[in-house]
Amino acid sequence: MASYLPSMEKVQHAVLGPRGGDKVADLQKETKEMSDKARLTTDYGVKQTSADDWLKIVNNDKTGPMLLEDPFARERIHRFDHERIPERVVHARGSGAFGKFKLFESAEDVTFAPILTDTSRETPMFIRFSTVLGSRGSADTVRDVRGFAIKFYTQEGNWDIVANNIPVFFIQDAIKFPDVIHAGKPEPHNEVPQAQSAHNNFWDFQFNHSEATHMFMWTMSDRGIPRSYRMMQGFGVNTFTLINAKGERHFVKFIFTPELGVHSLVWDEALKLAGQDPDFHRKDLWEAIENGVFPKWKFGIQVIPEADEHKFDFDILDATKIWPEDLVPIRYIGEFELNRNPDEFFPQTEQVAFCTSHIVPGIGFSDDPLLQGRNFSYFDTQLSRLGINWQELPINRPVCPVMNLNRDGAMRHTITKGTVNYWPNRFEKVKPATHEEGGYVEYAEKVAGIKARARSAKFKEHFAQAQLFWNSMSQVEKNHIINALGFELDHCEDPVVYERMVTRLADIDLGLAQTVAEMVGGEPPKEASRPNHGRKAPGLSQTEFPGAKPTIASRRIAILVADGYDQVAYSAAYAAISAGLAIPLVIGTKRSKIVAAGGAGSTTPHHHLEGFRSTMVDAIFIPGGVDSIRALSKNGRALHWIREAFGHLKAIGATGEAVDLVNKAIALPAVSVSESAEVQDSYGVVTMRETKPGSLSEAVDIIKGGAGFMEKFFHNIAQHRCWARELDGLNSQV
Ligand code: HDD
């Protein structure tokens, strides 16, 4: 059995507190604390006597007209009127955190970039996660691609990897970006729907633009509804290049794999959370970092020597294709963690701005036609969002020296002394750097060809990797893709859209096409449009990423109580959950004091059953207690909590009288419960009718291991979800 004890490293983090490296010190220059001694001032520094009354003419018995003269009041209103800046045209909804990157294996055989060769370095970083389609105020848990944009503040300048949680993209050439985004965003006539791909225009585009086929299979898979930003892989998607000290070039893709494993919500849960807790992912990231359970990823590269560029049956510069891991293994060379929440959302998470074109010496671009277009687009979009001096903003400025001849523009902050602002100048000031001094030197690539609006022949193949992805899914994952397509196409009212999409699915798999056709009302195809090649690849199914080790760390576990609960079971569970670095959330019939059986103790719940929902937790534990269970059994919402958690495949634990409550709520013959002191684990429902001395009350023993109740309960939580329930069709029966 696995240990659920926190690693020493995590304990150290909790004790030492967050660390962020140079960038944190750099940001301190701009950061103000709100001290008790500080007094309200205008932006020009004059102390104000009132934040309540606009200057006006008053008589004793009459409030007279306000005076436009009041500079304090006008400043407040002006500042407020202009608080909003344009939201990002895509990826508007996001949240970010600071962290650090550490290399554990030098990649000097393929690059001379110090961040990828110097194992003694710790590089500060900022990551912004996002959804793509929704506006800034949209819900976190919608079905969508997730952005995973990283800024490394290296000593050689900022390096941005503007990544996603899906390794491929909808389009091969950047010129199509406005189309794919227009098609996915709310429709132009009525601005409906918000943050959804489930509509006519999105699927119309997917059909007409067959190179999107591989990508929509990923977004329809569980990758489109992650449980947490902390449980997603990240992929740079585009093909970059690495150049080593000998001047040799390799093609490269960047991949990040989370220590906590890759996990998703179930669709019904995602839908409900969008209304019940639209900030679910934002809060989850914040909470984990505040609790010192810092999310970590391994940093990997896939490299292909320049000479092997054409050895594959796909074009390695095509962003709609993965490089299958059995052909190009991932080499994990470093790791990064997020360990500090921003101090203020707007100046940091909202104003952070990324550019794929921002790379450092030792790293280069490729001729990937999506990347080349992105390199133009990002700087351009920052101009309309933040203005020409966006790189001076504290969150965006590098930690290494910046000196150049760029000048002026709106909101310029930097003041550069000297009498010249051009090169060459008589003082030899601001001289360009040599290669030896660290100057960026472009790789001397030989280029020949004719000008044409075209792509190489291999770009024209659009279905082989969609099949590869489908074939590599587990049965559960396949079911989820079918249901996702069933949901999405059901939201398309135009028969032309869903009928044609069904024919597109026959390009991938006949069974898939037939099942979806039946669900959504299209004509089931009689035969596949092309044979399924039957190949699979490693690394595509989420089941391959359970996490570095089984853990309950950072999981939210509800403890349901009413007056008369069993204090021993309650406190043992509470202690064990906390010691495993998970978050115990006491949910009561009310949020005021609840007293244990016989007055043995009391608790003031974090939430009450109506205010919080089962969707917001990963598991439920219910301690016994005659009166508590009697009250919960009569409470429809309590029964709904248990049924819903069961339906969402979550671990459920119950002791003493609570076993009967669980039995009543679930009421399925297939799910057996404990009749004695023996622990019963049936479909992730862990029960123990009589508590044995030592089995529950000694939390420390429980965490250390053994075959006790908590051990089994925690094991199920660490598995993330009980898939057997779904495979046996039990989840849909409650
Ligand atoms: Fe993009 C934002 C990721 C293709 C144009 N993109 C943006 C963000 C992420 C990505 C994570 C949010 C950055 C942040 O948090 O501030 N984009 C991708 C990936 C792509 C991709 C992985 C495919 C490989 N993007 C892509 C293309 C174009 C753009 C082809 C245009 C030709 N993307 C933008 C943008 C955004 C953006 C309009 C909006 C806000 C921003 O850049 O800063 O320029």
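Helices α16 and α18 come within 9 Å of each other, axis to axis, and cross at roughly 15°, so the two are roughly parallel (angles under 35 degrees count as that, over 145 as roughly antiparallel, 65 to 115 as roughly perpendicular and the rest as oblique). Keep in mind that this is a predicted model: local features need pLDDT of at least 70, side-chain atom pairs count only at pLDDT 80 or more, and totals for chains, interfaces and linings use all residues. Residues are numbered from 1 along each chain as its sequence is written.

A few words on the terms. Helices (H or I, at least four residues) and strands (E, at least two) are DSSP runs, numbered from the N terminus. Axes are lines fitted to C-alpha atoms, for helices over the stretch in contact, and angles run from 0 to 180 degrees between N-to-C directions.

Back to our pair. On the α16 side, Ile629, Leu632 and Ser633 make the contact, and they meet Ala658, Asp660, Leu661 and Lys664 of α18. Here, contact is a matter of C-beta atoms, placed from the backbone, lying within 7 Å. Sorted by class, this contact has four nonpolar, one polar and two charged residues. For the classes, Ala, Val, Leu, Ile, Met, Phe, Trp, Tyr, Cys and Pro count as nonpolar, Asp, Glu, Lys and Arg as charged, and the others, Gly among them, as polar.

Now for another pair, α12 and α14. Their axes come within 9 Å and cross at roughly 40°, which makes α12 oblique to α14. This crossing is right-handed. Ile482, Leu485, Gly486, Leu489 and Asp490 in α12 meet Leu512, Thr515, Val516, Met519 and Val520 in α14. That contact has seven nonpolar, two polar and one charged residues.

Here are the two pairs in a table:

| Pair | Axes come within | Crossing angle |
|---|---|---|
| α16 (626–633) and α18 (658–666) | 9 Å | roughly 15° |
| α12 (475–490) and α14 (510–520) | 9 Å | roughly 40° |

What surrounds the ligand? There are 26 residues around it, and the closest are Arg88, His91, Gly147, Val237 and Ser377. A residue counts as near if its C-beta atom, placed from the backbone, lies within 6 Å. The shell divides into 14 nonpolar, nine polar and three charged residues.

The peptide bond from Val192 to Pro193 is cis, with omega near 0°, and Pro193 sits in the loop between α4 (177–184) and α5 (200–208). Ala195 lies in the loop between α4 and α5 too, and it has a positive phi of about 55° although it is not a glycine. Trp423 and Pro424 are also joined by a cis peptide bond, with omega about 0°; Pro424 is in the loop between α10 and α11 (464–472).

Finally, confidence. The chain averages a pLDDT of 93, and 95% of the residues score at least 70, where pLDDT is the predictor's confidence in each residue, from 0 to 100. Over residues 1–20, though, the pLDDT is below 50.

Note on methods: Contact = placed C-beta atoms within 7 Å. Left-handed = near helix turned anticlockwise from the far one by under 90°.
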